[in-house]
Each structure stands twice: as structure tokens, then as C-alpha cells.
Amino acid sequence: MRTTFVNSFIQLIESGQNVHLLTADLGFKVFDPIRDRYPDRFTNVGVAEANMIGIAAGMAIRGITVFCYSIAPFVIFRTLDQIRADLCHMQLPVILVAAGGGLHYAMEGMTHHAIEDIAIARALPAMTVLAPGDPIECEVLMKEIINLKGPCYLRLGGNNNPLMYENSQRPKFGEISCLQPDGDVALIANGEMLPIAKKAMELLKKEEIICRLYSLHTLKPLDHHTIKKIAHECSCIVTMEEHNLINGIGTAIIEILFSCSYRGKFRKFGISDEYAKELGSKEWLRNHYGLNHEKIAFEIKRLLDEQ
Amino acid sequence: MKYEKQQELIRLANDIRKDILRICEKTNTGHVGPAFSVVEIILVLYSEIVRGRYPEPDRDRVILSKGHACTALYSTLNRFGMMEESLLSTFATNGSRLGHHPHYEPSIGLEANTGSLGHGLSIGAGLAYAAHKQKSTARTFVILSDGDSNEGSTWEAAAFAAHHRLSNLCIILDANKMQALGFTKDILWPGEYEDRWKSFGWNVKVVDGHDINQLTKSFSRFGIDSKPLAIIANTVKGKGVGFMENSLLWHYRVPKGQEYLDALRELSI
């Protein structure tokens, strides 16, 4: 996804957009294509994230759309005061590019995990929040980002993310994408949970449980219309996120389900309000939190069996 | 600067202090002491230094990083025709756009949100960096406080500005040596400001921050080489009213009743 981001950024430059990329000294080798071809559009501000946001605000006042890159926790937690005062309230076009949101930097330890970022980003007035689940979503959303009037939090996973879109189907900014439209059970996921949701769907299919699959790449503004449609058409709704269960996409969706008097089953999968104590690979940590497709499929089956 | 001009600005500084007293007394709110220490700095900027006006994109911009002293800025903007009297008089009342810290509204001269210390210089450095890249003549002036000097992000921005040779960026440090809970030297000793800014790679000028002539002259070296400029303006918190000077009480307190009349009288001489 980071490679897609870099290619999309280069496309923005080449289509004449007034864009600039700041990094707080992270992204080893990732930005070489930008730095080599367009050195004027790239600045490493050093390990000074709070300053990076202020610099971006100043540049944005002068008409530049600025992308601020670091890994997720450094780009949103360390900088939050600058983000709310200098970007959100001033409604400046600055995009926070958060690499490895969730548990991507698993073995690096909790300092490098971001399991509260979506909750915080969504709570910021004027902030658009995006979490693409595959390179196609990343590419499409990058084209829309440039039209935003205010700041945006772009949560990226790692690299080598599988493609989730078949044929000519393409995601649309602000709309939940339906990747599999049949069935009475709706699986809603985003980011790196999207391929896991797809695997869970395939596993359940073997047991003749047909599930729909939705990608929630635009977290704010939230597509109320599609969620209400799902509530109307499905009897079981499940959300999956690599995020704290508190105030993630599950919480956001259940608020809408409540407002439209949904009476069906609901379950959210995520991280149960705890930081990692023991470390392991990304897969190990996901297993630890019950975020693998087998466990999720098992739990969904159990949920469906409940009277 | 001619003697007559100097006298005119001294009178104007007094009038601004009276404006500050008036609008703060009316609502019994605001930071009078910190506003009084920065009056001449803001006045000299708008009277002698700043070029261009909103909506010119290449105008110079002033960012008051010590946002709590905003009444001095509001009054100056009003006296220089950038902010209507009718708006100024709404200061700190229900429904007003003018609170105790400035909200971004460039059309009335408020070039950034400030109030959370340590933000102003980063934004200013971003403006200067962009102007530099855009080959614009626009310059940026950031007014800092002792409190700002506690904040780590101020020094991140100071390093950035020197590294990128932002000769179009100037800070004026309103060094009244006090902050919210006491004297800066007792809270977080900054060393010598002059040494600190020099060591960060800035040109440094130390002046009396209430001397109109000295302040004006201190900008003469601005932009002459590849370094940003730091003007360390030694000031007095509460300057202009004897009983308010160098007193922590007047960081927060607004003069009332007889105090108000005494303060006005002192400023009318």
C-alpha cells in the first residue's frame, strides 16, 4: 500500500497538483522515487513530528496540499494538539499518512502499534478518515483526497496487500464498497482486516453460510445510507477491525443500527481494550486478539446458532 | 526614526494599552500584563515593518504565538484599519469571534490559531518555507513568549528554520521573564536566550522591547544573509502601569474600580 501511495503521489505531481510530502525521518527507501525525480516536493523534517504538523499548516496556508508521513502512532498521537488547533480548526488541506496502522509493526512493540488512532481521528471535527483495504482503494482515495477542503487521516497498512476488487468494480470515496452482495450475514471490515474478512467468508461458505462482504474504506464521512440498507436486508452484521473495540468502526456502525431500530444479530471483532504485553509477528498478535479468519468464522457460526 | 514619528508611536502605544484596559475591564477577563509587555513589538511591526495586507497572497504575516496577549494584537489591528471597532468591542462576549486567544481569520489579520504555546513558530516556519519555495517576497514574523520558550516544539521549529536557511523568518521574543506561575528562571531556566538562539544558527539582536527606535532598528539586518533573525526583546510584564509591572498577579488579574481608573490615569500622562 505504501508503494501505491508513492505512485499515487507522483501522479498528483504529474497532473499538476500543488502537493508536497513531509516525512519525520521515516520511510527508508520508500520515498526514493519521489526524492530522485521531484526533490522540490519532498522534505525530511527530521524526527520532529509536532513541528512537522505546524510546518504543514504554514505551507497549506500558502496554498500547498501537504502530506505528512510517519508511522501511525507518531503521526497522530504525538502531534494531536497541533492537529486539532492547526489543521482541524483552521480546516487546512493536510493529509496525515499513517503507515502501519493497527498491529503492522508488531514486533517493534507497543510504541509502534496504533490501536486508538481511528477513535481519535474520527472524533476530530473537520477530519476526513480513510483506511483503504487494498492498493486499488488506496489509489482511488488518493485521487479524491486532493479535492478535500480540510485535513485527512489516511491509515495505510503495510506492503504486499492482496487485491480485493475483481473485474472493473472500483471503490468510491464516501461509499461502502460491496465486494460480495449475496447472503443474509454482512461482514464489514477495513484496512488489513479486509482480506481476513474475505477468508472468513470463504470458510463460512464451505459450511453453507453465505456472507456479504463490505469494505468500509471511508470512515468519516460515514456512509449511513448503505449501513441502513444492510440493516434492512441482513439479519446478522459483523464488523472487523485492527483497532480497539472502543470507538472503532464497530461502535460507529452500531450507533447507526440503533438509530434505525435494527433487530438482528451484531458482533464486533477487534482488540479488547488492551496494549500488547507479549510480542510476536503480526499474525501471532492477531491470533492473540482472536483476529484470524478461523476464529472469526467460528464465532460467527456460534453467533448464528444462538437463539 | 524622526523624533515626531517616535512621539506619535509612543502615544499610540499608550492608546493601545488603554484599549486593552477598556476591553478587558468591560468583561473582567483577558491577560492584561502579557498584553502590555508586547504592545511596542506589535505596534512597530504594523507601523514600520510589515508589508502588504490581506488579501494579497504575498503579504507579510504576523503570528502571535503568545496568543493570550491577543488584546494587544486586536487593538493594533483595529487602529491600523484591519479590524472593525464594532468587532473589537465584542471581545470576550457571548457569540463573539474574538476570544482570549485568537482564532484563524486572515481577513481581519489573525493569521493562525494560537493559544496553545509552542505552535506559532512551526506554522511561521512552514509559511516561510513555502514562501521560499514559491520565490515569494512574503516574510513571516512570529512573536514568542517565555512560556513558548519552554515548549519543545518551538526548538524543533527553530532548528528547522536554521537548517533550511529561512532568511524570510523572524521571531521577536517578548522576554518579560515571567510565565503563568512565576519567574521563568525559577520554573525552567532558559540560559541566555541570546546564546540559545545563536547556537541554533540564528542571527540574534537583543533590544529593549519598549524602545520604539531600538525595536525598529533591530529589523535592519533582517534578510541580509541566509539566517533567520531572532530579536530578543527585553520587556516588562504589565509595562506602563506602575503597580502592574513585574507582578505575577497581573498575568491574570484585570484592574477594576479604582485600580482601573488609576491605570488609565497613569497611561494618560
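Helix α9 (residues 224-233) of chain A packs on helix α10 (residues 249-259) of chain A at an angle of about 65°, with the axes 10 Å apart. That angle makes α9(A) roughly perpendicular to α10(A), a label that covers 65 to 115 degrees, with under 35 degrees counted as roughly parallel, over 145 as roughly antiparallel and the rest as oblique. Axes are lines fitted to C-alpha atoms, for helices over the stretch in contact, and angles run from 0 to 180 degrees between N-to-C directions. Helices (H or I, at least four residues) and strands (E, at least two) are DSSP runs, numbered from the N terminus.

The model is predicted: local features need pLDDT of at least 70, side-chain atom pairs count only at pLDDT 80 or more, and totals for chains, interfaces and linings use all residues. Residues are numbered from 1 along each chain as its sequence is written, while chains are lettered from A and ligands numbered from 1 in the order in which they are written.

Which residues of α9(A) and α10(A) meet? From α9(A) come His224(A), Ile227(A), Lys228(A) and Ala231(A); from α10(A) come Ile253(A), Ile256(A) and Leu257(A). Contact here means C-beta atoms, placed from the backbone, within 7 Å. By class, this contact has 5 nonpolar, 1 polar and 1 charged residues. Ala, Val, Leu, Ile, Met, Phe, Trp, Tyr, Cys and Pro count as nonpolar, Asp, Glu, Lys and Arg as charged, and the others, Gly among them, as polar.

**Between the chains**

Chain A puts 20 residues into the contact and chain B puts in 19 residues. On the chain A side, α3 (49-61) and α5 (80-88) each supply at least two residues. Helix α3(A) gives the most, with 9 residues. The chain A side divides into 11 nonpolar, 5 polar and 4 charged residues.

**The sheets**

Strands pair if DSSP finds at least two bridges between them.

| Chain A, 7 strands | β2-β1-β3-β4-β6-β5-β10 | mixed | β2 (42-44) and β10 (218-220) |

Strand β1 (residues 19-23) of chain A and β2(A) pair in the parallel sense over 3 bridges. Leu21(A) stands opposite Phe42(A) in β2(A). Helix α1 (residues 2-14) of chain A lies across β1, β3 (65-71) and β4 (94-99) of chain A, at about 145° to β1(A).

Ile63(B) stands opposite Val142(B) in β2(B).

**A covered helix in chain B**

In helix α3 (residues 70-79) of chain B, 9 of its 10 residues are buried. Buried means 20 or more other C-beta atoms within 10 Å of the residue's own, exposed means 12 or fewer, and partly exposed lies in between, with C-beta atoms placed from the backbone. Among the buried residues are Cys70(B), Leu73(B), Tyr74(B) and Leu77(B). The buried residues of α3(B) pack against α1 (3-27), α2 (32-49), β1 (61-64) and α4 (85-88) of chain B. Just after α3(B), Gly81(B) takes a positive phi of about 80°.

Note on methods: Two residues are in contact if their C-beta atoms, placed from the backbone, lie within 7 Å.
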